[in-house]
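Open the model in your viewer and keep the sequence panel beside it. The stops below say what to select next and what is there.

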Amino acid sequence: MMAETITLGKALNHGLRRALENDPKVVIMGEDVGKLGGVFRITDGLQKDFGEDRVIDTPLAEAGIVGTAVGLAIRGYRPVCEIQFDGFVFPAYNQIVAQVAKMFYRSKGKVRVPIVIRIPYGGGIGAVEHHSESPEAYFAHTPGLKVVTCSNPADAHTMIQQAIASDDPIVFFEPKRRYWEKGEVDLEAPVSGAFPLHSARVVRPGTDATLLAYGPMVRVALDAAAAAAEDGRNLEVVDLRSLSPVDYPVLVESVKRTGRAVVVHEAPGNIGLGAELAARITEECFYSLEAPVLRVTGYDIPYPAARSEEEYLPDLDRLLDAVDRSFGW
């Protein structure tokens with residue numbers, strides 16, 4: 001094992017590099033992904049090493065980027081589209097839900113569209129409007145799409161390669177506030193033996209309650225579990241990793257064991273992923289639950305101005321308060 005301590009952003013960069021090396025049909029497309037290396041430098045150095053035919057600077061036209069990717073995928077390529085910021089994906093929304101998601105079914109399984117759509121998402125970086133949104137529920141709701149999100153450098157490195165190698169269209173959400181967080185990554189590990197792409201992972205075992213999180217909120221959940229331990233509570237933290245499909249057996253096993261569940265995500269609570277998780281867990285774990293499944297989410301308002309975002313984002317205090325309420329039942 002050749003583990004290195006690198007940032008999540010660097011892990012994605014290395015994963016993209018390996019995908020380009022391993023398959024000449026992989027192409028990366030997006031605004032400023034080439035010469036600039038992307039606004040977050042995730043594609044830094046790739047155009048220089050693989051050329052402008054493999055790492056393509058596109059016009060500012062998200063519908064055009066994804067529409068072009070559909071044509072490329074039909075012709076046998078594996079396009080990786082970068083949407084520069086979460087709020088910019090909506091001009092491409094029609095292409096994604098009407099074309100990317102449905103092509104395989106429309107062709108009765110004859111046409112595959114192995115497209116990866118990378119979206120930096122979530123808040124916490126003090127950005128302006130349209131740069132801090134969490135639109136994952138739109139895509140997780142859409143049959144025909146698979147949706148995943150990484151929370152740490154090791155997962156980022158393997159999951160991006162697994163997504164590109166998949167024959168399914170995948171929306172790949174990257175927690176931008178975690179781009180600079182570091183962790184150990186085995187850069188030489190074969191992806192073939194990696195943890196499955198659409199599997200949830202218990203990242204902290206516990207016995208008293210289950211915290212369900214994904215993407216940027218996994219760190220918050222781990223911090224909450226560490227804080228709760230000081231009060232004698234042993235919280236389990238599960239990283240969903242895949243938002244569609246959700247790995248329900250791992251979630252159900254955990255909640256049946258602990259008897260309590262709290263779901264946390266940055267997106268607004270109304271008809272969000274947390275609602276679906278709460279409903280399914282209640283169905284599957286009804287006789288094991290000691291309390292209702294609780295949700296800690298962003299508020300049901302447009303994402304606020306940067307100076308107010310810390311009041312909007314779920315944090316340690318709000319999550320621990322939900323844990324207290326769960327134990328209060």
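**Start: a loop residue**

Select alanine 127, which sits in the loop between β5 (116–121) and α6 (136–140). The model you are looking at is predicted. Alanine 127 has a relative accessible area of 14%, so it counts as buried. Alanine 127 and glutamine 99 are 28 residues apart along the chain, and their C-alpha atoms are separated by 31 Å.

**Helix α12**

Go to aspartate 317, a residue of helix α12 (residues 316–327). Aspartate 317 has a relative accessible area of 58% and is therefore exposed. Aspartate 317 and serine 132 are 185 residues apart in sequence, and 21 Å lie between their C-alpha atoms.

Select aspartate 32 next. The residue belongs to the loop between β2 (26–30) and α2 (46–50). Is aspartate 32 buried, partly exposed or exposed? Its relative accessibility is 35%, so aspartate 32 counts as partly exposed.

Check the backbone here as well. The phi angle of aspartate 32 is near 65°, a positive value in a residue other than glycine. Most residues other than glycine have a negative phi.

Move to arginine 241, in the loop between β11 (235–239) and β12. Arginine 241 is another residue that is not a glycine but has a positive phi, about 65°. With a relative accessibility of 0%, arginine 241 counts as buried.

Now select serine 244 and proline 245 and show the backbone atoms. The peptide bond from serine 244 to proline 245 is cis, with omega near 5°. Most peptide bonds are trans. Proline 245 itself is in the loop between β12 (242–244) and α9 (248–258).

**Salt bridges**

How many salt bridges does a search of the whole structure find? The search finds 18 salt bridges. Side chains of opposite charge can pair when their charged atoms come close.

Begin with arginine 17 and aspartate 49, whose side chains meet in a salt bridge with an N to O distance of 2.9 Å. Arginine 17 is in helix α1 (residues 8–22) and aspartate 49 is in helix α2, so this pair links parts of the chain 32 residues apart. Aspartate 49 is partly exposed, at 42% relative accessible area.

Next select arginine 177 and glutamate 266. Their side chains form a salt bridge at 3.0 Å, N to O. Arginine 177 is in the loop between β7 (170–175) and β8 (182–186), while glutamate 266 is in strand β13 (residues 261–268), 89 residues apart. Glutamate 266 counts as buried, at 4% relative accessibility.

Then select glutamate 236 and arginine 257. The closest N and O atoms of this salt bridge are 2.7 Å apart. Because glutamate 236 lies in strand β11 and arginine 257 in helix α9, the pair ties together parts that are 21 residues apart in sequence. What is the relative accessible area of glutamate 236? The value for glutamate 236 is 2%, so this residue is buried. Arginine 257, by contrast, counts as partly exposed at 41% relative accessibility.

**Last stop: the cysteines**

Cysteine 81 counts as buried, with 0% relative accessibility. To finish, select cysteine 285, which counts as buried at 1% relative accessibility.

Methods: Residues are numbered from 1 along each chain as its sequence is written. This is a predicted model: local features need pLDDT of at least 70, side-chain atom pairs count only at pLDDT 80 or more; totals for chains, interfaces and linings use all residues. Side-chain values use heavy atoms; hydrogens and water are left out. Helices (H or I, at least four residues) and strands (E, at least two) are DSSP runs, numbered from the N terminus. Buried means under 20% relative accessible area, exposed over 50%, partly exposed in between (1.4 Å probe, protein chains only). A salt bridge is a side-chain nitrogen of Lys or Arg within 4 Å of a carboxyl oxygen of Asp or Glu.
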